[in-house]
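Here is a short note to read beside the model. Please keep the structure open and take the points in order.

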Amino acid sequence: MAKNKTAFKCAECTYQTVKWLGCCPECGQWNSFVELQEQEGLGSLKASGGQKSVVMTPLSSVAMHQKERLCSGIAEWDRVVGGGIMPGSFMIITGDPGIGKSTLLLQLSVQLAQRYTVFYFSTEESLAQVKDRAQRLDCLMGAQLLFSDQADLSTILETASQAKPDLVIIDSIQNCYVSQTQTAPGSIAQLRETGFHLMRLAKEQNITVMVSGHINKEGTIAGPKTLEHLVDVVLYLQGEDRWQSRVLRSVKNRFGTINELGFFQMGVNGLQEVPNINEQLLNEMSPVPGAALVSVLEGSRPLLLELQALTIESKLGIPQRVVSGLDHKQVVLIAAILEKHLKIRLSMQDVFFKISGGFSVKSSSTDLGVALALLSSYFQRPLPEKSLALGEISLTGQIKPINQISFFVKEAQKFGIKQLFVAYNQKVESTNVLIKSFHSVYELLALFTD
Ligand code: TYD
Ligand code: MG
């Protein structure tokens, strides 16, 4: 006869052990171990599923259902999620508290509710608070959205399973609770369990589930990272310091490209789309010493970004290199290449470097722009107005061509870029833009000296 084994589970992170422990080795929580029910024990898996088997299916005979995506009409959103929401997907939108997740979800659901049935569970705010926000957003009238402030997961699941709406929104998942579990809402164990049940709701009943979740700084309460492997789509809503801008970024998408960006602006009437971000970025630029324009691909869209360099004679023994938005090593390396090949004393200078608009990029196609920004600041000479640098730089000081240049050139032309700085062997389709090509960094000097 099989002997029943006793096991203990951490109520915080579900770590299992055969002995009771005072402190969980996984999450560090004290007094969190509870004895497992007999069927939950470590050996229960084999006993409960031992008799069953499945019929394996060749992939070629699997039936496919052409699913029409749920489009909201908010173009920035629809593009980021891959051309509309895939029905039956499980999505999470995360970001700092107060960044605008609830605002975005409300605006989005109002749009979607015009064509689809949407159930909105507000687990954090009362219905009166949600109504107040809807009034502020001027989207109260005519909206077919259905609300509840229910936060008990089993009630939410039952409601959704019975009524079968197209979309279930839960704002936020951290406040949702499973009444059978004794841990607090927002703990890792609760989040895992909630996430698992919501995933089953989405997959088994083909109901799209979208949840919001905060990123927290302390790390004591479980963050939405716990859910990332469970969901199909992970979206981050991030804030930029200036112009109240909000960037929506897809970091995981089983139905589309990742790193796609959507731009919004928080105003008195909620989040407004910024369809033409490059126009806005270019309007803020001016041809001054230290500034160079580059273009990088974010998702499927090329962005025009201004690099800003400041070089100044160092007053300290060890000159400073302060870089934000770019890889620190990239700037240090290019400064070293310029020093070696151009015989300029950059190593005696403090170098400060940043990207306009608080963006952060990682692309070697910005090498040439970095070199030009550094030289422009060093010689205190601006680059020609509306000129764009697209090229890599090798350790030997050679300028190298970049991939997919036609994307960047097409976008640059739309915004009246007049001049392109590229590698001598870079193939550029005929354009009405002036092209200036270089073999090596040495030739860049001519742009700053007469
Ligand atoms: P909210 O959507 O509640 O953030 P989250 O759900 O991510 O915590 O947004 C809160 C902030 O947005 C709050 O500081 C007020 C601001 N806000 C506006 O500026 N304009 C608006 O129209 C709305 C609805 C909110
Ligand atoms: Mg909120």
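Where does Gln380 lie?

1. Gln380 lies in the loop between H9 and strand S17 (387-389). Helices (H or I, at least four residues) and strands (E, at least two) are DSSP runs, numbered from the N terminus. Phi of Gln380 is near 55 degrees, a positive value in a residue other than glycine.

2. A word on the source. This is a predicted model, in which local features need pLDDT of at least 70, side-chain atom pairs count only at pLDDT 80 or more, and totals for chains, interfaces and linings use all residues. Residues are numbered from 1 along each chain as its sequence is written, chains are lettered from A and ligands numbered from 1 in the order in which they are written, and side-chain values use heavy atoms, with hydrogens and water left out.

3. Now the domains. The protein divides into domain 1 (4-41), domain 2 (75-274) and domain 3 (279-449). These bounds come from an automatic or database domain assignment. Contact here means heavy atoms within 4.5 Å. Domain 2 gives 14 residues to its contact with domain 3, and domain 3 gives 12 residues. The C-alpha centres of these two domains lie 39 Å apart.

4. How much area do domain 2 and domain 3 bury between them? The figure is about 1000 Å², with 43% of it on carbon and sulfur atoms. Buried area is the accessible area (1.4 Å probe) that two parts lose on being put together, summed over both.

5. Look next at the charges. A salt bridge is a side-chain nitrogen of Lys or Arg within 4 Å of a carboxyl oxygen of Asp or Glu. By this rule the structure has 9 salt bridges. Across the interface of domain 2 and domain 3 there is 1. The side chains of Glu76 and Arg301 form a salt bridge, at 3.4 Å from N to O. Arg301 is in strand S14 (residues 301-313) and Glu76 is in helix H2, so the pair ties together parts 225 residues apart in sequence.

6. Which elements give two or more residues to the side of domain 2 that touches domain 3? They are helix H2 (75-80) and strand S11 (261-267). S11 gives the most, with 4 residues.

7. Turn to the rings. Rings of Phe, Tyr and Trp (its six-membered ring) pair if their centres lie within 6.5 Å; planes under 30 degrees apart count as stacked, over 60 as edge-to-face and the rest as tilted. The whole structure holds 5 aromatic pairs. The ring centres of Phe379 and Phe448 are 6.0 Å apart and their planes are at 15 degrees, so this pair is stacked. Phe379 lies in helix H9 (residues 367-379) and Phe448 in the segment after strand S21 (434-438), so the pair ties together parts 69 residues apart in sequence.

8. Finally, check one peptide bond. Asp171 and Ser172 are joined by a cis peptide bond, with omega about 5 degrees. Ser172 sits in the loop between strand S7 (167-171) and helix H6 (188-205).
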